[in-house]
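Work through the exercises below with the sequence and the coordinates open. Each task is followed by a solution in steps.

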Amino acid sequence: MPRPVTLFTGQWADLPLAELAPLAKQMGFDGLELACWGDHFDVQRALNEDGYVHGVLDLLAQHGLKVHAIGNHLVGQAICDPIDERHKSIVPAHVWGDGDPEGVRQRAAQEMMDTARAAKKLGVGVVTGFTGSSVWHSLYAFPPTDQAYWQRGFDDFAERFSPILDVFEEVGVNFALEVHPTEIAFDTATAERALEAVGQHKRFGFNYDPSHLAYQGVDYVGFLRRFPDRIYHAHIKDVWWNHGSGEVGVFGGHTTFGDARRFWDFRSVGRGDVNFEAIIVALHDIKYAGPLSIEWEDARMDRVFGATESAAYTRKLDFPASDVVFDAAFAKDEA
């Protein structure tokens with residue numbers, strides 16, 4: 001059967017889940033990838049409040065929806081990042097605490113461990129998220145930056161995430177890093193290096209999102225074929241590139257999304273430059289059977305219109321895999 005088409009709720013966290021669930025069904029979705037912010041999924045309530053998890057599942061079931069993954073990107077960002085005032089606005093108050101940077105990183109790590117436990121309690125096998133990075137700021141290698149400097153960043157990631165991944169292993173849940181600028185892995189080469197850093201830990205894999213690879217010039221279909229056993233979840237998200245006025249490059253020019261000068265911008269699914277047909281074929285080839293989770297972002301478009309259109313586009317795009325060899329009918333019967 002074709003894969004379920006789901007909605008990542010992160011960009012809809014201004015809506016209560018009780019309001020979003022019927023809307024998601026109306027827009028054509030089979031289920032949700034619940035964000036761990038807004039009121040969509042609360043990790044600590046899931047672990048400490050009787051009936052909370054059942055209440056979430058019952059609410060979704062009332063609208064014919066299932067939950068296939070939870071996403072805790074915002075907390076994950078604080079695990080390896082240099083912490084500044086921007087992080088205060090995205091992490092829970094109990095993670096921010098007094099704002100001491102190392103304390104924030106340590107509390108974020110504990111919250112991610114708890115996220116694995118909450119996912120298990122919810123009955124899902126994947127947590128999508130970010131890691132942050134202590135070396136992202138050195139992306140452009142000036143002042144002169146050697147490999148030892150960058151390796152310290154991967155070592156820091158391994159030191160902070162290995163205990164987290166061990167908890168994921170204890171509860172039988174996978175962590176799927178969304179390979180993305182500002183994370184320890186943002187292209188194929190750094191994804192390989194991140195895997196090496198954690199010793200190929202079986203619980204560390206990727207939330208595949210072509211939009212973050214494509215505008216960089218990374219072979220986003222090749223990424224699937226490079227990591228066939230590590231694609232734990234997949235986002236359907238579109239982007240266009242080589243547009244704009246020529247005044248802004250790949251680094252974004254400190255402009256906001258939707259600025260007409262930008263070289264690249266996120267687009268509603270099917271309206272950008274991503275080759276989703278090639279992606280679906282590659283997902284079949286690597287035997288990916290998980291959901292196709294639409295992360296809807298388009299600064300120029302009404303989101304209900306865009307998400308509805310994206311769900312229909314994705315459902316039409318996907319197709320059941322064949323269980324026969326199509327040219328076997330030409331073979332002669334030797335019996």
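The exercises go from the whole chain to single elements and residues, and the model they use is a predicted one.

**Exercise 1. Overall form**

Task: Find how many helices and strands the protein chain has, and compare its radius of gyration with that of a compact globule.

Solution. 
- Step 1. The secondary structure of the protein chain comprises 13 helices and 10 strands.
- Step 2. For 335 residues, a compact globule would have a radius of gyration near 20 Å. The protein chain has 20 Å, so the two agree.
- Step 3. Along the principal axes, the C-alpha atoms fill a box of roughly 75 × 50 × 45 Å.
- Step 4. Of the 335 residues, 53% are buried.
- Step 5. Take the contacts between residues at least 6 apart in sequence: 76% of them join residues at least 24 apart.

**Exercise 2. Helix α1**

Task: Determine which residues of helix α1 are buried and what covers them.

Solution. 
- Step 1. Helix α1 spans residues 17–27, and its buried residues are L17, L20, A21, L23, A24 and M27.
- Step 2. An α-helix has 3.6 residues a turn, so residues three or four places apart point the same way.
- Step 3. The cover over the buried residues of α1 includes β1 (5–8), β2 (31–35), α3 (52–62) and α13.
- Step 4. Just after α1 comes G28, with a positive phi of about 105°.

**Exercise 3. S293**

Task: Is S293 buried or exposed, and with which side chain does the side chain of S293 make a polar contact?

Solution. 
- Step 1. S293 sits in strand β10.
- Step 2. Its relative accessible area is 0%, so S293 is buried.
- Step 3. The polar contact of the S293 side chain is with the side chain of T6, at 3.2 Å.
- Step 4. Leaving out residues up to four places away in sequence, S293 touches T6, L7, F8, E33, H233, A234, H235 and I236.

**Exercise 4. G132**

Task: Place G132 in the fold and list its contacts beyond its neighbours within four places in sequence.

Solution. 
- Step 1. G132 lies in the loop between β4 (126–129) and α8 (147–171).
- Step 2. With 0% relative accessibility, G132 counts as buried.
- Step 3. A cis peptide bond, with omega of about 0°, joins F142 to P143.

**Exercise 5. The largest pocket**

Task: Give the volume of the largest pocket, then characterise its lining.

Solution. 
- Step 1. The volume of the largest pocket is about 1,400 Å³.
- Step 2. Its lining has 45 residues, and those closest to the centre are H180, P181, T182, F257 and W264.
- Step 3. At least two lining residues come from each of α4 (73–80), α5 (85–88) and β9 (264–267).
- Step 4. By class, the lining divides into 17 nonpolar, 17 polar and 11 charged residues.

**Exercise 6. H254**

Task: Where does H254 lie, and is H254 buried or exposed?

Solution. 
- Step 1. H254 is located in the loop between β8 and β9.
- Step 2. At 88% relative accessibility, above the cut-off of over 50%, H254 counts as exposed.
- Step 3. The phi of H254 is near 55°, a positive value in a residue other than glycine.

Terms used: Residues numbered from 1 in each chain as written. Predicted model: local features only at pLDDT ≥ 70, side-chain atom pairs only at ≥ 80, totals over all residues. Heavy atoms only, no water. Buried < 20%, exposed > 50% of the residue type's maximum accessible area, 1.4 Å probe, protein only. Contact = heavy atoms within 4.5 Å. 1 Å grid on protein atoms, 1.4 Å probe; cavity = no way out; pocket = protein on both sides within 12 Å on 5 of 7 lines; lining within 4 Å. Points joined across faces, edges and corners; volume = space filled by probe spheres on them. Nonpolar A, V, L, I, M, F, W, Y, C, P; charged D, E, K, R; others polar. Polar contact = N/O pair within 3.5 Å; in protein donor to acceptor, adjacent residues only side chain to side chain. Rg over C-alpha atoms; globule rule 2.2 N^0.38 Å.
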